[in-house]
Amino acid sequence: MMEEREDSETKPLHQDAGGSHVRRINPKKGILEMMLRPIRWLRMLSEELHWSFVLGVVIVYGISQGFGVGLSRVSTQYYMKDEQKVQPSQAQVLIGIIHFPWIVKPLWGLLTDIVPILGYRRRPYFIFAGFLGVISMLILSLHKNLHLGFALLSLVAGSAGIAIADVAIDACVTQHAISHTYLAGDMQSLCGMSSSIGALLGFSLSGFFVHLVGAKGVFGLLAIPASLVVLVGILLRESQVRNFAYRRVKEKIVDASKAMWTTLKCRDVWRSCLYMYLSLALGLHIHEGMFYWYTDAKEGPSFSQEVVGSIFSVGAVGSLFGVLLYQNFLKNHPFRDILFWAQLLHGVSGLLDLVLVLRINLKLGMPDYFFVVVDETVSRMIGRIKWMPFLVLSSKLCPSGIEGTFFALIMSIDHIGLLSSAWSGGLVLHMLNVTRTQFDNLWIAIVIRSLLRLIPIGFLFLIPRSDPNLSILPSEMLRTKRGNDVLEPENIEMATLVNSI
């Protein structure tokens, strides 16, 4: 038998009890492989989809949405509670209004798909979205004693800036999902991982910054992620649409509307959209009530800003872990199977808040902070596992030619579900008389929420039972259109700064 050399990766062959030869794997090699796997995965995506697409996703999802939203969530809650002095039910409704620009995402999608500015479909919208975010955040930061109405308007404008940039990058994702169907799950995993890692950093620093510079000071810092969106618009290289007939814009909007309506009439499309709405709307968002209870000195554990930020940061770790679980173990399973278990666990995990509010955890000898961290981690992980199939399914429901618009339409339906959940949660908190200082009936709201989360399981028949790696729409809806005024996937890439000068 030929001798094998011992190298840095393996140890020599040895015989086991049965006399067969076994190669010992160097533990260092296994650890190295584990560390290199994400890098190789990113390299694979860069080679298949172009490195510029990966970079664009990281900037928009990771920095603008993940890190920026991580900072803004905590600062907005403290701003409403301490600066504007609103009640939990009012804050619940106001938070829903702030997310209104996400409901009208089809409008942004129509503009980016149909109406080029100076011959470009994406670059001007990134620039506009970035400047809108910078201006709105600076107003909130620098203006003293800003009226609630104007503060709300500025927060809505900042949210609109993030939503417009999100639509532009979503169009790129859906176009690649059509041309690279087998990578649809990987692309959504990239989006989810970028968002989760960014949110982890944002939440980790949010409490510290709120304590250091106040909620208004954090708004000033949020102008930085918005400015990076402007940079994306400057560096984006795309083919210029020449001799565009702006007189045909109305006609194109009508055609796009007809195409969306035709797609919505597809059985698998409207049934999937209906289920996604029901699943989100029946979630009953009561987070503002829980936040006021967290920070209350008498009834609750009286968490400080730093502690609240650390809780959300650990929750972001749970969200990231959910993405990793989906990417490595769940992405090839049918949508219906994943959503059944995710929805069931989503309802059961909500009861952890009940244990906390009734102070059962203290009777069991579990400190508040430890229990809240476990609660947040589990809830965010399950929520992300539940959300990932929605994103993959949504990307597969988009017809060619209006990818950005239709994906925005589906996401707007989801946000209508979230808005319904927020406003119904605010109504429940108001009816149960949960205020800034009164939390006696908060446990009832938690029980109602947990029961409502289980109802969507009965509507799982609306989700198609198909291979998640295959197309769902008919082939004629996936044909790529050609022409001067249609943006093709291969034309979207980030240019270097040198090439842009």
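Okay, a bit of housekeeping. The model is predicted, so to speak: local features need pLDDT of at least 70, side-chain atom pairs count only at pLDDT 80 or more, and totals for chains, interfaces and linings use all residues. Residues are numbered from 1 along each chain as its sequence is written, and side-chain values use heavy atoms, with hydrogens and water left out.

Let's start with the overall picture. The protein has 20 helices and four strands; these are DSSP runs numbered from the N terminus, with helices being H or I of at least four residues and strands being E of at least two. Of the 501 residues, 53% are buried. Buried here means under 20% relative accessible area, exposed means over 50%, and partly exposed is in between, with a 1.4 Å probe and protein chains only. Take contacts between residues at least 6 apart in sequence: 84% of them join residues at least 24 apart. A contact is heavy atoms within 4.5 Å.

Now, the rings. How many aromatic pairs does a search of the whole structure find? The search gives 12. To pair, rings of Phe, Tyr and Trp (its six-membered ring) need centres within 6.5 Å; planes under 30 degrees apart are stacked, over 60 edge-to-face, and the rest tilted. Phe390 is buried, at 0% relative accessibility.

There's also a cluster, in which ring pairs link Trp293, Tyr294, Phe303 and Tyr369. Look at helix H12 (residues 287-294), too: eight of its eight residues are buried, and Trp293 and Tyr294 are among them.

One more ring: Arg73 lies over the face of Phe312, 4.4 Å from the ring centre. For a charge to sit over a ring, NZ of Lys or CZ of Arg must be within 6 Å of the ring centre and within 35 degrees of the ring normal.

Phe208 is partly exposed, at 44% relative accessibility. Together with Leu212, Val213, Leu221 and Ile224, Phe208 makes a nonpolar surface patch of about 450 Å². Patch residues have over 30% relative accessible area and no salt bridge; like charges are joined within 9 Å, and nonpolar side chains (Val, Leu, Ile, Met, Phe, Trp, Tyr) within 5 Å. A salt bridge is a side-chain nitrogen of Lys or Arg within 4 Å of a carboxyl oxygen of Asp or Glu. Which helix gives the most to the patch? That's H8 (residues 184-221), with four residues.

Last stop, two loops. Asn145 isn't a glycine, yet has a positive phi of about 55°. Asn145 is in the loop between helix H6 (123-142) and helix H7 (148-179), and is exposed at 78%. Ser302 also has a positive phi, near 55°. Ser302 lies in the loop between H12 and helix H13 (305-330) and is partly exposed, at 37% relative accessibility.

Definitions and conventions. Accessible areas come from the Shrake-Rupley method with a 1.4 Å probe; for residues, only the protein chains shown count as cover.
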